[in-house]
Amino acid sequence: MRIPKIMKCVKISSYGPAENLKYDTSFVPEIKGYEVLINVKASGVNRPDVLQRKGLYSPPKGASTLPGLEVSGKIVKIGSKVKKFRVNQDVCALVHGGGYAEFCKAHESHVLSIPRGLNYVEAAGIPETYFTVWYNLFNIAKIKKNQTLLVHGGASGIGTTAIQMAKLIGCKVITTVGSERKKKFCNSLGADLTILYNKDDFFSKIQSFTNNYGVDIILDMVGKEYFIKNLNLLKDKGKFISIAFLTGNDVKLDLALLLKKRILLTGSTLRPRTIKEKEKIARNVKKMFWSLFEKKTIRPIIYKTLKLKDAFKAHRIMESSRHIGKIILVNRN
């Protein structure tokens, strides 16, 4: 295809509400040696995009100021040093930013061919979510068969992915959700215990379910409000992993509890990781999950698709927390 100089995109006009996402134009990105240019067909919407819009999550140095961290589409141009991909190849990719646009650049080591049988919308729901969950559960927590995982926000993109990944290797999964509809869905994915956090005390429910033994690993995005209960739920040598803090990041920590239980307390965010680190994640996610996508053993859970120009509506949905799985923007007029 002929590559234009100007493209449609979504910009943050100023920090603030969802309406500050403006459908606009920008120059098509220039690529360098190891980069590819993707004609974006679909892009995933993620919590970091919302934080960036609010001015709470600045792009790393050298990254696009446009929001959007994962895309799918067709490669239209390759850099002089690219060996793995060709023009016209259908791919999905983790990107530094710039996903809310008609064209987006990506480092070749963060690009993956779309699994057979998946469309652009489904493929756009893979990179940010599956990379994040693999990195935290498999690389950091070293999750193993027969362990018990607690994942808060089970109906989110991260949550629905974590449930599927953990059940694949034979773990018990406990999760918290905000509605009966979400509870039923998480149960359908294989969750062993799904708790309505606005109705039941998750701490007592989990203690009862585990006969007061607690859990091995906690994947948390809630932060402050759940922090103390989370630590008290962990077994000896339990692992607490924070990937977000929707209720705040200022917590009180009793160090005696860490010493007594030998707790590993850690966390991560994907965007600032190095090219090499992300390359390792991409390689392992493909090795572990691509054939399972193709066999329909696991799947990215897609809640809703919206046009790129309606990105502000997608952010409203995300902030309402009524979605189950991923919200995807598609490039069509």
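For the residue classes used here, Ala, Val, Leu, Ile, Met, Phe, Trp, Tyr, Cys and Pro are nonpolar, Asp, Glu, Lys and Arg are charged, and everything else, Gly included, is polar. The model shown in these close-ups is a predicted one.

**View 1. The largest pocket and what lines it.** By class, its lining splits into 21 nonpolar, 19 polar and 8 charged residues. That lining takes in 48 residues, and R47, M221, A244, F245 and L246 are the ones nearest the pocket's centre. The space inside comes to about 1,200 Å³. At least two lining residues come from each of these elements: helix 1 (47–53), helix 3 (127–140), helix 4 (157–168), helix 10 (311–320), strand 9 (172–177) and strand 15 (326–330).

**View 2. The second largest pocket.** Here we're looking at about 510 Å³ of space. Of its 26 lining residues, E35, G62, A63, H96 and K105 sit closest to the centre. Sorted by class, the lining holds 11 nonpolar, 9 polar and 6 charged residues.

**View 3. Helix 4, one of the contributors to the largest pocket's lining.** Helix 4 runs for 12 residues and reaches 17 Å from its first C-alpha to its last, close to the 16 Å expected at 1.5 Å a residue. Most of helix 4 is covered, with 10 of the 12 residues buried. The buried set is G157, I158, G159, T160, T161, A162, I163, Q164, M165 and A166. Just past the end of helix 4, look for G170, which takes a positive phi of about 90°.

View 4. S109 belongs to the loop between strand 6 and strand 7 (111–113). S109 has a relative accessibility of 7%, so it counts as buried, the cut-off being under 20%. Its side chain makes a polar contact of 2.8 Å with the side chain of H107. Another polar contact, at 3.4 Å, links the side chains of S109 and H110. Leaving aside residues up to four places away in sequence, S109 touches K84, I275, E279 and A282.

Methods
Residues numbered from 1 in each chain as written. Predicted model: local features only at pLDDT ≥ 70, side-chain atom pairs only at ≥ 80, totals over all residues. Heavy atoms only, no water. 1 Å grid on protein atoms, 1.4 Å probe; cavity = no way out; pocket = protein on both sides within 12 Å on 5 of 7 lines; lining within 4 Å. Points joined across faces, edges and corners; volume = space filled by probe spheres on them. Helix = DSSP H or I, 4+ residues; strand = E, 2+ residues; numbered from the N terminus. Expected span 1.5 Å × (residues − 1). Buried < 20%, exposed > 50% of the residue type's maximum accessible area, 1.4 Å probe, protein only. Polar contact = N/O pair within 3.5 Å; in protein donor to acceptor, adjacent residues only side chain to side chain. Contact = heavy atoms within 4.5 Å.
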